[in-house]
Amino acid sequence: MAPGRTQVIAKYERSDAKQGYDPATVLVDIDPRRDESLSVFVEHGLTPRLTLQAKAGVTRGHDRWADYSGRGPIELGVRWAAYRDDRSSLAVYVGAGEAGGGRNAGYAAPGQGSLDLEARVLYGRSALWKGREVFIDLEAARLKRQGLADETRIDATLGVRPAKKWLILAQTYAGQADRSPVRSRWVKSELSIVRAFGAWSVQAGWRDTPMGRETTRDRGYVLGLWRNL
């Protein structure tokens with residue numbers, strides 16, 4: 001983010017699961033569960049290379065054994081641009097998060113977890129393809145978690161702008177927990193469309209879990225409201 005500029009993204013996410021992946025990655029029926037969250041993500045440019053980012057929200061859900069509602073995870077960190085030119089950038093993020101009262105990991109019971117420490121490397125590149133703006137964002141992160149297994153995550157985003165005010169996002173969120181003897185593993189995919197209205201943008205998308213191990217197959221929708229300040 002440019003110094004003094006801010007981006008705010010408010011997002012509502014709802015997912016339901018009636019199936020899950022067993023230790024052999026086979027999809028099996030499970031007791032239904034639902035998870036919902038309303039969060040606000042903020043980025044603010046501090047210097048030409050340093051960006052502050054934060055996230056907070058509320059959450060609720062239920063399954064066969066528990067109903068929960070309350071504060072969601074709180075995250076705070078800084079992102080430093082190690083390299084940047086007209087078309088690409090390489091950045092490093094370090095931050096901390098405090099677990100909320102809900103489900104702080106897809107494989108864990110509500111309320112489990114406390115303090116998270118995260119280190120992340122981000123690479124992004126933009127280009128023109130057949131006259132249209134496109135970009136790719138690749139991220140790799142390592143989380144040290146108290147009360148939950150440590151995790152490794154890899155995220156990827158492909159963005160295409162078919163018209164000036166429209167943006168199509170194809171995103172993948174993958175991760176693995178350091179759990180023995182079976183490590184939970186997940187791959188979540190999300191496809192969404194963003195429409196700009198001046199400084200405001202509206203996002204709508206669908207999320208699924210096409211692959212996993214020792215985790216539920218979460219499916220649901222995402223609604224977002226973006227604001228550039």
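The model is predicted, so local features need pLDDT of at least 70 and side-chain atom pairs count only at pLDDT 80 or more, while totals for chains, interfaces and linings use all residues. Residues are numbered from 1 along each chain as its sequence is written, and side-chain values use heavy atoms, without hydrogens and water.

**Exercise 1.** Describe the lining of the second largest pocket.

Solution. Step one: a pocket is an open set of points on a 1 Å grid over the protein atoms alone, where a 1.4 Å probe fits, with protein on both sides within 12 Å along at least five of seven lines; lining residues have an atom within 4 Å of a point. Its volume, the space filled by probe spheres set on the points, is about 310 Å³. Step two: of 16 lining residues, Ile30, Arg33, Asp63, Trp65 and Thr216 are the closest to the centre. Step three: β2 (27-45) and β13 (215-216) each supply at least two lining residues, and β2 gives the most, with 4. Strands are DSSP runs (E, at least two residues), numbered from the N terminus.

**Exercise 2.** Which element gives the largest share of the nonpolar patch?

Solution. Step one: the elements that give two or more residues are β5 (74-84), β6 (88-98), β7 (115-129) and β8 (132-145). Step two: β6 gives the largest share, 3 residues.

**Exercise 3.** Is Tyr83 buried, partly exposed or exposed?

Solution. Step one: Tyr83 lies in strand β5. Step two: its relative accessibility is 44%. Step three: buried means under 20% relative accessible area and exposed over 50%, with partly exposed in between (1.4 Å probe, protein chains only). Tyr83 therefore counts as partly exposed.
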